[in-house]
Amino acid sequence: MKNILILLFLLNFTISYSQSKAVKVKELMSLMGQQNLSSNLNTIFIDQFKQKYPKVDEGFWKKMENEINVNSLIDSSTSVYEKNFSDKEIDELLKFYKSPLGKKMVQNAPMIMQEIESLAQNWAMEAGQKINDELTKSGYLQPPRPPSN
C-alpha cells in the first residue's frame, strides 16, 4: 500500500511538472510573438484556398475557418520547445523575452528576417551566376548557339 501511495505521488508530481512546463512554453511562445503569427496563420491559409477556388461561397470558408483550428498547431509546437529546452532554460528564456531587450528582439524580428531573406536571395543569385560562369568557362556548360538564318 505504501508503494502505491509513493507511485501515485510521483505520477502526480510528474504530471504537474509537465503541465507547468507546457504552460511556461505557451507563455514563452506568446512573448515571442508566435501566438499572433499562429492566429493569423488560419486566415492566411484559408485565403490561399479562396484565391485558388474563387467560385466557392463565403459561407463555406467561414465553416472551414471554424473547423481548422490553429490551436492544435500551437499545442503541437509546445512539445518541440519542451523537448529541446530544460525547465530552467525555459525560465531563462521567459526572463529574456520579458526584458526590454527581449521585447525589442520580438518587435524587430520580422524586419530583421525580411532583410536577411532579401540578402539571402541576392547572395543566392550572385553565387548561382558565379557557378554558372565558372561551369561555362571550364567547358562544362556550352553557351547557347546563335540562331542560324
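Predicted model: local features only at pLDDT ≥ 70, side-chain atom pairs only at ≥ 80, totals over all residues.
Let's start inside. The largest nonpolar core has eight residues: Val25, Leu28, Met29, Ile74, Tyr81, Ile90, Leu94 and Tyr97. Helix H1 (2-31), helix H4 (71-84) and helix H5 (87-98) each give two or more residues to this core. In soluble globular proteins, nonpolar side chains tend to be buried together.

Now for the charged side chains, where the count comes to eight salt bridges. One of them pairs Asp87 with Lys24, with the closest N and O atoms 3.4 Å apart. Asp87 sits in helix H5 and Lys24 in helix H1, so this pair ties together parts that are 63 residues apart in sequence. Asp87 has 15% relative accessibility and therefore counts as buried, the limit being under 20%, whereas Lys24, at 22%, counts as partly exposed.

Two other salt bridges are worth a look. Glu58 and Lys50 form one, their closest N and O atoms being 3.0 Å apart. Glu58 is partly exposed at 40% relative accessibility, and Lys50 is partly exposed at 22%. In helix H6 (residues 100-137), Lys137 and Glu134 are three residues apart, which means about one helical turn separates them; their side chains meet in a salt bridge at 3.6 Å, N to O. Here Lys137 is exposed, with a relative accessible area of 67%, while Glu134 is partly exposed at 39%.

Technical notes
Residues numbered from 1 in each chain as written. Heavy atoms only, no water. Core = buried A, V, L, I, M, F, W, Y, C linked by side-chain atoms within 4.5 Å. Buried < 20%, exposed > 50% of the residue type's maximum accessible area, 1.4 Å probe, protein only. Helix = DSSP H or I, 4+ residues; strand = E, 2+ residues; numbered from the N terminus. Salt bridge = Lys/Arg side-chain N within 4 Å of Asp/Glu carboxyl O.
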